[in-house]
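Me: Can you walk me through this one? I'm new to reading structures.

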Amino acid sequence: MPTVFSEKGFRFFFFSNEGSPLEPCHIHVRKDGNLAKFWVSDKIELADSYGFSAEELNTAEKIISKNMTKIKGAWNEFFS
């Protein structure tokens, strides 16, 4: 599970086996046992969430938004 970065108690990461065929760019988020998945393209979309409050999801989305270049770069480097 490659971790891309951590911020405000959230860990942003990929699973090393992201499906066959490979799914589009996305990031998983974990905090305190809660888990979410966000699609990352021109916009950020919540794919699914387990245990996060709406406020936590909004915070995670804002963090993803400001780190989109880092996330896309890490995705392309890891899965290329």
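Reply: Below we go through the sheet, a helix, and then the aromatic rings.

Reply: This is a predicted model, where local features need pLDDT of at least 70 and side-chain atom pairs count only at pLDDT 80 or more, while totals for chains, interfaces and linings use all residues. Residues are numbered from 1 along each chain as its sequence is written, and side-chain values use heavy atoms, leaving out hydrogens and water.

Me: Ok, what order do the strands of the sheet come in?

Reply: The order is β1-β2-β3-β4-β5, in an open sheet of 5 strands with antiparallel pairing. Strands here are DSSP runs of E with at least two residues, helices are runs of H or I with at least four, and both are numbered from the N terminus. Two strands pair if DSSP finds at least two bridges between them.

Me: Which strands stand at the edges?

Reply: Those are β1 (3–7) and β5 (44–50). Each has a single partner strand, so one side of each is left without a neighbour in the sheet. From one strand to the next, the twist averages 20° (axes are lines fitted to C-alpha atoms, for helices over the stretch in contact, with angles from 0 to 180 degrees between N-to-C directions).

Me: What holds paired strands together, in general?

Reply: Strands of a sheet pair through backbone hydrogen bonds, either parallel or antiparallel.

Me: How many bridges are there between β1 and β2?

Reply: There are 4, and the two strands pair in the antiparallel sense, with β2 covering residues 10–13. Glu7 stands opposite Phe10 in β2. The two strands form a hairpin with 2 residues between them, and Lys8 in the turn has a positive phi of about 55°.

Me: And β2 to β3?

Reply: They run antiparallel too, joined by 3 bridges. Arg11 has Arg30 in β3 as its bridge partner. Further along, β4 (residues 34–40) and β5 pair over 6 bridges, and Lys37 stands opposite Asp48 in β5.

Me: Switching topic: which strands does α2 lie across?

Reply: Helix α2 lies across β1, β3 (26–31), β4 and β5, and runs at about 155° to β1.

Me: Now the rings. How many aromatic pairs are there?

Reply: The count comes to 8. Rings of Phe, Tyr and Trp (its six-membered ring) pair if their centres lie within 6.5 Å; planes under 30 degrees apart count as stacked, over 60 as edge-to-face and the rest as tilted. Phe10 and Phe12 have ring centres 6.1 Å apart and planes at 40°, so that pair is tilted.

Me: Are those two buried or exposed?

Reply: Both Phe10 and Phe12 are buried (buried is under 20% relative accessible area, exposed over 50%, partly exposed in between, with a 1.4 Å probe and protein chains only). Phe10 and Phe12 also form one aromatic cluster with Phe5 and Phe52.

Me: What does Phe5 touch away from its sequence neighbours?

Reply: Leaving aside neighbours within four places in sequence, Phe5 is in contact with Phe10, Arg11, Phe12, Ile63, Asn67, Lys70 and Ile71 (contact means heavy atoms within 4.5 Å). Phe5 lies in strand β1 and is buried, with a relative accessible area of 9%.

Me: Where does the charged end of Lys31 sit?

Reply: Over the ring of Phe10, 4.6 Å from its centre. That label needs NZ of Lys or CZ of Arg within 6 Å of the ring centre and within 35 degrees of the ring normal. Arg11 lies over the face of Phe13, at 4.2 Å from the ring centre.
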